[in-house]
Each structure stands twice: as C-alpha cells, then as structure tokens.
Amino acid sequence: MAMAMGIAGSDAADDSVADVSVHLTRADRVELLRTMLTMRGIEQRALNLYRQGRVPGSFYDGFGQEAVSTGATFAMAAEDRICALHRDLAAHVVRGTALERILAQYMGRATGVTQGRDGNVHFGDKDLGVVGMVSMLPDMMLVATGMAMAFKLRGEARAALTFFGDGSTSRGDFHEALNWAAVQRLPVIFVLENNQFAYSTPLAKQWTVEPIERARAYGMPGVSVDGNDAEAVFEAVRAARERAIAGGGPTLVEAVTMRMHGHAAHDDMRYVPAELLAQWRERDPIELQERRLAAELDVAALRAEVQAAIDAATAVALRAPMPDPATATDGVFAEQAVPLGDGRAPWSGFARTEA
Ligand SMILES: Cc1ncc(C[n+]2csc(CCOP(=O)(O)OP(=O)(O)O)c2C)c(N)n1
C-alpha cells in the first residue's frame, strides 16, 4: 500500500482514536505502550552512546516503527519463534531480553547477548525464542520458513514469524520463501515492514505490483494494516497465527509505517521529502497508543517508570567489562567440532542443532 495515509487511525486531526483490538485486556494495551516506550528509549540512549563513541560501527534503529515489532511479537506464543531484524527491538523486549544485556550488546561488552561477538543489532536469544538475524536480506524469510517446515514435520502446534523490509521484496529469497511456504502450507507469518524506503530507494522504484497482491499470486492471504497502530498489527498477526496453527498455511501481513530516522546513525536522510516526514510525525505510534489510554492511565508516570528502567540498565551496561579476547571462539563452534589443522574438513564434526 503506497503511502497509506487513508488507513484506520491515520487522521491526525481526529483525536478520538478507535479501539481496534477485541482480544487485548487493558493491561495488555498498557503493556504495548510500555514496550514501545522502552524500544524508543533504549534506541535513543544507544544513539547517544554511539555519538559518545561507545557503540562501535554504526547504529540502526526503528524510530517510528515501534508498533510493528511490538504488536506482532505480542501476538505470538512462547513456543513460537521470531526472526527479529534491525528495526525490531521490541521483539527482544517482549520476549524478555534484559535491557542491560541489550545495551551491553550495542557496546560490545562481555555481558551483551552475543558477548561482544557480533555487531550491534545482530543478536538473538535461543532460550527466549528470538533468532539472531542473518545480515544478508531477507535470508531470515528462509530461516523462518525452514523452522515452520520443522514444526510441521514434527507435528508441533507452533508457528514462526519473520520481519523483513520493502527492499527485501525485490530479492529472490522473498519469492522462494513465499512459494515454498504456500506449497507446503507452512505455519509461518511474513511481516513486511513497509517503511517507504530501502536505504534511499523509495517504493516507486521498488515495485509495480503491491506485495499483498504478490502474496495472493503465490497462494496465501496478503493483508495490509496500519503499521503505526500496535493493536491493529496485533490483531492481524493474531489472525495469521490462528490460521497457521490450524493448518491453513502462511500469511503475508504488510505493516505500513515510516522510517523516521536515517537508514543508520550516519545517514541524514536528506533524500526523504520533508512534507512526508511531517505527515508521519503526526501519526506517531506511541502518541496514538497514549491517546487511546489517556483517560485511564497516568501516561507521565509510565514514561518516568520506563525511563528509570533504561537509566538503571545503562548504568549496569556501562560498568560491564569488554570480552576477554581469549574467549573469542567460545560458543562460535559446537563442542563436537573437529579442531582446525588436523587435516580433516573443519565442518565434518559439527553437531546438529534444533530450531
Ligand atoms: C542482500 C543485502 N544487500 C544489502 C544489504 C545492506 N542493507 C542492510 S539494510 C538495507 C536496507 C534494506 O531496506 P528494507 O528491506 O526496505 O529494510 P529497512 O532497512 O528499510 O527496514 C541494506 C541495503 C544487506 N544487508 N543484504
């Protein structure tokens, strides 16, 4: 859906915000807001740390897109698997990754999720069901499809979900994943995070056929939702999961949103028209959820609570040591791996791992 300014909840002049969700309790809806505030606060803190030279490399954030990973992950069960990408921090937060581990990860510390072994956004915690991302886009579509295949073969009532961007729809892996998932009727949910730009490439240079049409062409439903509305995303993914678990096969959910920051911290995004950004600024996902809950919730108190948790986590992460170089290969190879240099192929002894 191009630019998508006509979707539910998008009229900035209208203060009355529709209650979209029919399945969420009040506590759930506050939790959605808390998660989005946490994602934004952590990423804002990480950007500051990056500018202080404490985050190596660059930093990628999902500013403005918080509703997508929040709503989608909230709709999945603990036994499901989530493939979180570079704008999906809320997936880690919903699953329970401690905030100090996330900040330590960004700073390459020994207490980070990968213990300093990988770049800042490339992490996942198997115990929490979040699969660390493969940087080649959109390879995680194939990883999620493979996990869904395993669930189906084992007869398990579980589903896999992967996020991916609009740029990913131009890659071959997108088509392979959709086709195989549809042919095999796999329990997988493809969440397209349409944030209008793939680095500097706008949608008009990305596709002539809408992705949800392409999903239908491959034989699965394609639904488009307001990606700035966490409750709308939740409902769409919840329905897709129900369908997947019931054996109905995959669904493509397009969450229409906007990348409000540059591609990464080094990008001033001057290629994005100022009017477009101004329009989307009026549709901030956090403010939308706050307006929904304002009558029944002390929003300022919640914001302060979240900020205090982030401050405490930052202090812990800043005190954490850098990793000991002697441990660099720990956890990289399986225990059973044949040591390099004994004349045999190094991969011949790798253990099989489960999804
Ligand atoms: C195959 C491949 N090409 C290029 C890159 C470098 N890269 C990382 S993110 C990105 C932009 C992807 O755009 P999109 O899929 O729309 O996702 P967004 O970053 O907008 O969320 C690029 C080009 C990559 N990771 N993989």
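Predicted model: local features only at pLDDT ≥ 70, side-chain atom pairs only at ≥ 80, totals over all residues.
In total, 15 residues surround the ligand. The closest of them are His 86, Arg 87, Ser 135, Gly 167 and Phe 197. As for where the ligand sits, the space it takes up turns out to be the second largest pocket.

Several polar atoms of the protein face oxygen atoms of the ligand. In the side chain of Arg 87, an N or O atom is 2.9 Å from a ligand oxygen. Asn 195 also uses its side chain, with a polar atom lying 2.9 Å from an oxygen atom of the ligand. With Ser 168 it is the backbone that takes part, where a polar atom is 3.3 Å from a ligand oxygen. On its own, the ligand has 580 Å² of accessible area, and the protein covers 75% of that.

How far can the model be trusted? The average pLDDT of the protein is 91, and 88% of the residues score at least 70. Residues 1–16 are another story, as pLDDT stays under 50 there; the model gives this stretch 29 contacts beyond four places in sequence. Residues 346–355 also have a pLDDT below 50, with 16 contacts in the model beyond near neighbours in sequence.

Conventions: Residues numbered from 1 in each chain as written. Heavy atoms only, no water. Near = heavy atom within 4 Å. Polar contact = N/O pair within 3.5 Å; in protein donor to acceptor, adjacent residues only side chain to side chain. Areas by Shrake-Rupley, 256 points an atom, 1.4 Å probe, with all protein chains shown as cover. 1 Å grid on protein atoms, 1.4 Å probe; cavity = no way out; pocket = protein on both sides within 12 Å on 5 of 7 lines; lining within 4 Å. Sits in = over half its atoms within 2 Å of the grid points. pLDDT = per-residue confidence, 0-100. Contact = heavy atoms within 4.5 Å.
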